Amino acid sequence: MLSFLWKFTVFHFFITSCCLLNRVNPEDNPNIPAIAKYFNTKGRYEEVNPHLIEDSLAVNRSVLQLPSAQCEEIHLTAIIRHGTRYPTTKNIKEMQKLYELVKSRASGQESWLREIQTQWTMWYTEDMDGRLVQKGVNDHKHLAVRLSKLFPSLISEDKLRGGLIKFITSSKHRCVNSTLSFKAGLTELWAIEDKEFDHAVNDALMRFFVKCTRFVQEVDNNPSAVEEVDKFKQGPEMRRVQEKIADRLRVPYNNVTHDMAEAAFYLCAYEFAIKTVNSPWCRLFDEDDAKVMEYASDLREFWKRGYGHDINSKSSCILFHDVFSRLNKVASENKSGQQVTEAVTVQVGHADTLLPLLTLLGFFKDSDALTSSSYANQTQRSFRTSHMLPYAANLLLVLYDCGGGDLRLQPLLNEKPVTFPGLTDQQVSMPLYQDVRQHYRELLQGCDFETECQLFKQPSGV
């Protein structure tokens with residue numbers, strides 16, 4: 001009998017351990033592509049927060065690490081990227097070309113290839129053009145509920161009904177629909193049916209990158225601003241990825257262009273993000289290939305939105321000042337004993353909204369610039385959009401009153417505390433608000449959107 005109990009205990013422990021490992025390690029899940037963690041801005045939010053795979057509403061308030069029990073949150077600004085979306089028309093056209101090549105030219109008996117050729121259909125249509133999908137609706141509904149659990153005194157039914165929660169969005173349909181989904185997450189949570197809540201469309205704030213003339217002229221519409229990206233596309237690492245795809249499809253090397261390789265990577269990413277399917281398209285890449293594809297995308301983001309050119313970050317000056325003027329107003333109201341008039345501000349935009357602001361604030365800056373020739377030296381880089389900017393990525397800035405005029409500001413990225421660059425000696429990740437203002441004093445005193453965006457400077461590199 002004891003022998004049986006011992007065997008049963010060991011067996012139960014073994015089974016439980018296996019289940020727990022599967023629960024916490026997405027890489028063991030056959031429904032998740034092995035390359036999912038390299039999908040850049042096309043990645044799921046769950047790859048950044050794997051615990052949400054098991055429970056999409058899970059939160060852990062202990063991550064907030066309050067310096068004292070006296071600390072009480074008095075304001076939250078949440079700058080959020082839209083949720084999961086369909087590919088853009090440009091991407092869909094490239095996917096169509098790749099699909100036609102595989103259907104008509106590829107040969108081989110591999111099961112994944114036969115599946116593409118005989119079972120998979122090209123279901124993406126050009127009119128989808130970046131629209132929000134149902135998964136994107138859920139991204140924002142669930143995020144709203146989680147934030148209400150993380151900050152229950154701020155995101156509450158009373159404050160929503162009292163007009164103390166404000167919503168601002170980009171005019172793009174995927175952002176407006178994400179905003180509506182976020183609001184629906186809250187109204188459904190509290191079963192509010194007798195009232196609707198407004199949002200403001202503000203492209204000056206949430207799409208500043210199209211309104212900054214200098215950025216548009218010197219970077220966005222200037223091919224030489226991203227020459228490092230073009231060099232990498234023509235380089236040995238990317239050429240090898242294309243050759244391996246051609247080998248797997250048994251087609252001539254010149255049939256697979258960089259755009260086709262990118263389309264294949266996107267097909268794997270979109271099938272997974274939208275439908276939670278480990279698509280046969282994913283079999284065109286191994287992990288080494290995925291790392292090269294990730295670097296190519298990071299290189300583009302670095303030079304078009306990140307540290308590559310000074311104007312990339314300076315284009316976000318208008319959003320930077322909007323955030324700090326609001327924080328200042330809250331601090332002033334709190335000091336004078338007034339009720340804070342804007343407890344929560346939810347601002348929904350794009351990856352192109354968040355990345356310039358994160359860059360302006362100094363986050364994820366490596367010691368060396370990303371270049372076409374530095375792939376091998378950048379394997380440990382912190383500038384990694386797969387980690388920073390999945391769908392529904394968010395920068396949260398939480399202002400706390402810790403008593404006696406002690407105001408503290410906590411930044412969180414994708415619901416995880418981060419530290420303001422240059423303020424790492426401060427208590428945990430919650431420095432004094434006045435120290436944050438002092439740290440960014442030059443930007444607060446300058447960083448004028450109109451001045452920065454005038455066409456009078458030559459583009460400056462890193």
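Cys 175 is buried in this predicted model, with a relative accessible area of 0% (buried means under 20% relative accessible area, exposed over 50%, partly exposed in between, with a 1.4 Å probe and protein chains only). Cys 175 takes part in no disulfide, and the nearest cysteine sulfur, that of Cys 212, is 19 Å away. A disulfide here is a pair of cysteine sulfur atoms within 2.5 Å.

Because the model is predicted, local features need pLDDT of at least 70 and side-chain atom pairs count only at pLDDT 80 or more, while totals for chains, interfaces and linings use all residues. Residues are numbered from 1 along each chain as its sequence is written, and side-chain values use heavy atoms, with hydrogens and water left out.

Four disulfides are present, and counting bonded cysteines along the chain gives the pattern 1-6, 2-8, 3-4, 5-7. One of them joins Cys 212 to Cys 453, with an S to S distance of 2.1 Å; its torsion of -100° about the S-S bond makes the link left-handed. Cys 212 sits in the loop between helix 10 (208-211) and helix 11 (213-220), and Cys 453 in the segment after helix 22 (449-452), 241 residues apart. Helices are DSSP runs (H or I, at least four residues; strands are E, at least two), numbered from the N terminus. Cys 212 is buried at 0% relative accessibility, and Cys 453 is buried at 4%.

In the link of Cys 268 and Cys 282, the sulfur atoms lie 2.0 Å apart, and 95° about the S-S bond makes it right-handed. Both Cys 268 and Cys 282 are buried.
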